[in-house]
Amino acid sequence: MSTKAFISPYDHKAPEGAEGWKELYPYYMTFHDNLKENEEAKFFFCDSQHWPNVFKPFDALTVEFSVKCLGQYNTRQWLIPPANGIDFKIHNGYCYMSPVEVDPSLIADRVPQFMERAGFYFQNWDSLLENWHKKVKGVIDEMEAIKFEQLPEVIDIEWVKNGVGLDPTYHMIQNYDKMIDLCYKVWMYHFEFLNLGYAAYLDFFGFCKETFPGIPDLSVAKMVQGVEVDLFRPDEELQKLAKLAVKLGLNDILKNNELDKALQIMETSTEGKEWIAAWEGAKYPWFNFTIGNGFYSSDKYWIDHLDIPFEYIKSYTERLEKGETIDRPTAKIAAERDRITEEYRDSLPGEDAQNAFDQKLGLARVVFPYVENHNFYIEHWSMCVFWRKMRELSAVFVKEGFYENIEDMFYFRREEIHQLLFDYGRGWAMGVPAIGPDYLPAEIARRKKIIDALATAPPEPAFNKPPEIVTEPFTIMLWGITSESVQGWLSSEDTGNKLKGMAASPGKVEGIARIIHSAEELRDLQDGEIMVTRVTAPSWAPVFGKIKATVTDIGGMMSHAAIVCREYGLPAVTGTGNASTKIKTGDRIRVDGGAGTVEILST
Amino acid sequence: MKYTLFFKEAKPEEYILLGGKGASLASMSAADFPVPMGFSVTTHAYSKFLEEGKLLDVILEKVSCIDCTNTDQLESNSAEIRQLILDKPLPNDVEIAIKDSYKQLCEKAGIPNALPVAVRSSATAEDLPDASFAGQQDTYLWIVGEDEVLKNVRKCWASLFTARAINYRKNQNIDETELLMSVVIQKMVNARTAGVAMTMNPINGDRSKIVIDSSWGLGEAVVSGEVTPDNFLVDKIMLQIIVSNIQEKNIEHVPDMFNKCVVIREIETERAKEPSLSEEEVIEICKISKIIEKHYKCPQDIEWAIDADLPEGENVTLLQSRPETVWSQKTIERKALTGMEGIIDTLMNPIGTKK
């Protein structure tokens with residue numbers, strides 16, 4: 001094993017112009033000099049799978065809430081015998097994770113507790129999950145009910161007559177706190193089933209890997225995958241709308257017009273009205289869907305940017321006109337799933353093995369729909385409402401002249417928003433102008449510069465010395481971080497034109513690469529290009545009809561990107577470490593999704 | 001009394017007359033697998049030959065007095081028996097039957113009286129699931145003309161009595177009186193590449209895999225171990241190549257058309273290092289292997305060739321298939337923890353950390 005190590009975060013300097021960046025994030029999420037010895041003893045890897053871009057200060061709450069909540073289940077609820085939570089830091093604008101192992105002497109004592117606690121959830125999975133849906137829907141409804149608007153000129157007369165004795169700033173502050181609470185709550189729910197879902201999937205996965213040495217990851221995924229998947233519903237709704245448009249003969253109206261104009265024209269005919277009704281019907285809840293990944297305030301959601309789903313529908317319509325099939329072939333997926341399962345099962349040596357296979361697969365199939373679907377309910381739907389409400393609040397500040405753009409609010413940490421609210425409420429109460437409009441724009445500009453400077457440098461793949469063997473199950477499962485992949489990153493400079501990653505979805509193609517840094521750049525993709533990116537989001541699926549293959553820097557076997565690529569039969573290599581910096585737009589590359597290799601043929 | 005039977009016309013109840021290899025070819029032909037056409041010289045022909053030449057008693061006596069620890073005696077008795085078989089004239093009706101069938105085969109192939117064939121022995125005790133007789137009997141390749149065919153049929157019969165074969169049977173206590181021999185006469189394949197496919201991983205008994213060994217030319221180089229063949233490990237269910245080890249294959253067995261024999265030829269370095277099968281061909285062989293395994297309902301050891309004379313996509317030819325004999329008789333114990341114990345085991349020993 002190599003003794004090579006990654007750079008220490010203490011030696012990894014921020015780009016010029018980013019001085020003072022640490023103040024933008026909570027003190028407990030950055031590296032401190034007095035803890036150097038401690039922190040350098042830990043291995044950190046960059047999670048650019050979920051957070052590929054530099055955080056605005058407010059947005060850091062997504063990593064804070066989610067990774068904290070992941071930890072609470074491992075450490076305090078299930079007592080996963082060998083694994084506590086995952087420590088996380090923000091460094092130079094990107095986030096880095098460090099799995100926390102359990103002291104080996106304590107592992108044995110955790111086993112019976114884990115059996116009781118996790119066992120209860122596995123045994124009552126369906127009923128608990130039914131309740132989970134109610135809880136999450138409850139949170140979403142509560143968030144939807146909250147409104148942020150400018151303070152009135154005077155306190156409502158009814159409040160006076162009812163002797164309320166409060167003013168609207170009280171509720172405004174309370175509502176802001178409530179939104180943060182609800183967001184925190186929904187991230188707890190996010191992990192309520194996820195860790196156990198991964199554990200059960202991993203159990204079946206490990207059994208297959210041991211029983212059928214060399215079995216492709218894809219085989220395991222295909223045996224487990226669901227056929228009707230909520231996560232794919234938004235895309236399926238668009239496909240339905242495209243088909244309806246063709247059926248009703250509205251394709252030309254769609255193709256030749258922007259959304260508003262198209263809707264206006266359709267209002268004038270019966271067919272058009274039918275289509276509009278279908279379009280309206282599809283919105284809730286399925287357009288609460290982002291082209292990002294839910295972790296950034298800048299993520300755009302379909303429901304707020306209807307031109308996005310509309311453009312996808314257009315492109316589906318064009319493909320239908322060319323005679324292509326656009327549906328997810330559910331019957332075929334189901335039949336293939338059954339065939340694969342039966343053939344592997346028939347390959348088992350005996351009854352004991354078949355029983356173990358049946359039991360493990362059975363459990364994996366019970367848990368897997370959650371693993372696929374939670375993403376829609378939390379990252380898409382819940383976070384869609386959360387970010388919309390936060391923008392609604394920011395719009396109030398914009399109207400009050402605190403700053404110019406709705407996005408500006410996110411340059412403040414979440415607790416700093418309290419100061420803005422108090423500043424606003426205080427001025428309103430006293431009848432004097434708030435201080436914000438004079439003070440904040442310069443501060444926002446200063447912070448913008450820092451963030452922009454941070455964004456000029458890509459993150460490091462990891463910090464410090466990697467462990468001899470990566471054993472933390474969730475790290476392996478979710479991030480695809482294995483001893484092998486870490487060593488691969490360390491030696492990535494020496495691999496010439498070849499990159500090695502995870503064989504996420506089979507198929508071999510050659511083509512021209514296009515580097516995509518964000519969802520905004522998706523529109524640059526040309527037919528038949530290969531998308532190379534740090535990470536993909538499931539909501540990018542509609543562009544998959546256009547491209548030949550996908551290559552990502554990071555991602556495990558269960559990453560959202562891997563799941564979606566497999567569903568759509570698109571060759572994919574994930575977790576290459578540095579494809580998006582090593583490959584340049586215009587390079588001719590060869591992708592082998594079955595072998596997990598990418599080769600640069602010519603530049 | 002049928003002395004010859006074409007693969008296609010042999011009925012299952014007649015398979016007993018064909019020996020292991022012949023029966024396998026007949027049943028594969030019946031199932032419409034891509035087997036080169038041919039016929040078997042049945043065990044009746046061999047019996048008739050022994051009977052008419054009054055050879056059986058002589059042979060049995062010579063064999064029974066052999067003391068296997070006495071190598072000289074083993075060798076000399078073996079040589080005497082084989083010479084007897086090579087010298088005795090064939091019964092007339094047997095000779096006519098073989099000549100007739102060969103003629104028919106030549107006509108079917110469109111090369112009257114001159115079709116190159118492979119002549120292979122197919123003993124009744126051979127290829128039984130409980131005794132891997134592989135390689136105990138002989139194969140003669142690129143045989144042309146009826147006289148040569150007759151000569152080599154006899155050589156096959158004689159090969160039952162090589163010192164090695166006699167020794168093997170004595171050690172295995174196989175009854176000499178039960179021993180019968182059939183001979184397979186089959187259209188020669190102009191093999192660009194040939195090898196074996198096993199419908200399981202012989203390293204670990206994993207039945208979800210197919211393992212292919214492959215080298216340039218006729219399959220003899222692979223079977224005899226004269227070259228280190230290319231090796232492919234394929235997932236049987238997904239038909240996906242998991243590992244391909246391309247080796248330097250320095251020699252190949254190829255027909256010498258002029259001298260009507262097979263010669264060993266050195267391969268130029270560049271071609272030696274090239275894969276002897278394209279990925280598409282690997283997958284095609286696996287597809288066919290899968291069907292064969294399903295047909296016979298147990299793991300198979302299949303000899304195949306890529307026929308240079310046939311178009312791509314139809315060029316995989318099967319030479320024989322027999323049950324895999326090693327793993328099929330083992331019971332593989334797979335102790336896997338289930339339920340919560342299984343999950344704990346997985347969490348404590350995640351993938352990549354297990355020894």
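This is a predicted model: local features need pLDDT of at least 70, side-chain atom pairs count only at pLDDT 80 or more; totals for chains, interfaces and linings use all residues.
Which helix of chain A holds A:P285? A:P285 is found in helix α12 of chain A, residues 270–286. A cis peptide bond joins A:Y284 and A:P285. Its omega is about -5°.

The model scores ipTM 0.78 and pTM 0.82. The mean pLDDT of chain B is 87. In that chain, 93% of the residues reach 70 or more.

Now follow the pairings of β3(A). With β2(A), strand β3(A), residues 94–101, pairs in the antiparallel sense over seven bridges. Within this pair, A:F88 stands opposite A:M97 of β3(A). The two strands form a hairpin, with two residues between them. A:N92 sits in the turn and has a positive phi of about 50°. β3(A) also pairs with strand β1 of chain A, residues 44–46. That pairing is antiparallel too and runs over two bridges. Here A:Y96 of β3(A) is the bridge partner of A:C46.

Is β3(A) largely enclosed or largely open? Six of its eight residues are buried, so the strand is largely enclosed by the rest of the structure.

A:L79 is found in the loop between α2 (60–78) and β2 of chain A. Its phi is near 55°, a positive value in a residue other than glycine. A:L79 is buried, because 23 other C-beta atoms lie within 10 Å, and the threshold for burial is 20 or more.

Next, helix α4 of chain A, residues 125–145. Does its length agree or disagree with its residue count? At 1.5 Å a residue, its 21 residues should span 30 Å. The end C-alpha atoms are 30 Å apart, which agrees.

A:V136, A:V139, A:I140 and A:M143 are buried. Seen down the axis, the buried residues of α4(A) fall within an arc of 95°, so they line one face of the helix. The other side of α4(A) carries exposed residues: A:S127, A:E130, A:N131, A:K134, A:D141 and A:A145. What covers the buried residues? The cover includes α6 (168–192) and α15 (351–399) of chain A.

In α7(B), residues 163–172, the residues B:A165, B:I166 and B:R169 are buried. They cover an arc of only 100° around the axis, which puts them on the same side of α7(B). Their cover includes α3 (56–64) and α4 (71–87) of chain B. Just after α7(B), B:N173 takes a positive phi of about 55°.

Another asparagine of chain B shows a positive phi. For B:N113 the value is near 60°. B:N113 lies in the loop between α5 (92–109) and β3 (117–123) of chain B. Is B:N113 buried or exposed? With 12 C-beta neighbours inside 10 Å, it counts as exposed, because the cut-off is 12 or fewer.

Finally, look at where the chains meet. In the model, 30 residues of chain B are in contact with 42 residues of chain A. Which elements of chain B give two or more residues to the side that touches chain A? They are β8 (230–235), β9 (240–245) and α11 (339–348) of chain B. The largest share comes from α11(B), with eight residues. By residue type, this side of chain B divides into 14 nonpolar, 11 polar and five charged.

How values were computed:
Residues are numbered from 1 along each chain as its sequence is written. Chains are lettered from A and ligands numbered from 1 in the order in which they are written. pLDDT is the predictor's confidence in each residue, from 0 to 100. Two residues are in contact if their C-beta atoms, placed from the backbone, lie within 7 Å. Helices (H or I, at least four residues) and strands (E, at least two) are DSSP runs, numbered from the N terminus. Ala, Val, Leu, Ile, Met, Phe, Trp, Tyr, Cys and Pro count as nonpolar, Asp, Glu, Lys and Arg as charged, and the others, Gly among them, as polar. The expected span of a helix is 1.5 Å times one less than its number of residues. The arc is that of the directions from the helix axis to the C-beta atoms. Two strands pair if DSSP finds at least two bridges between them.
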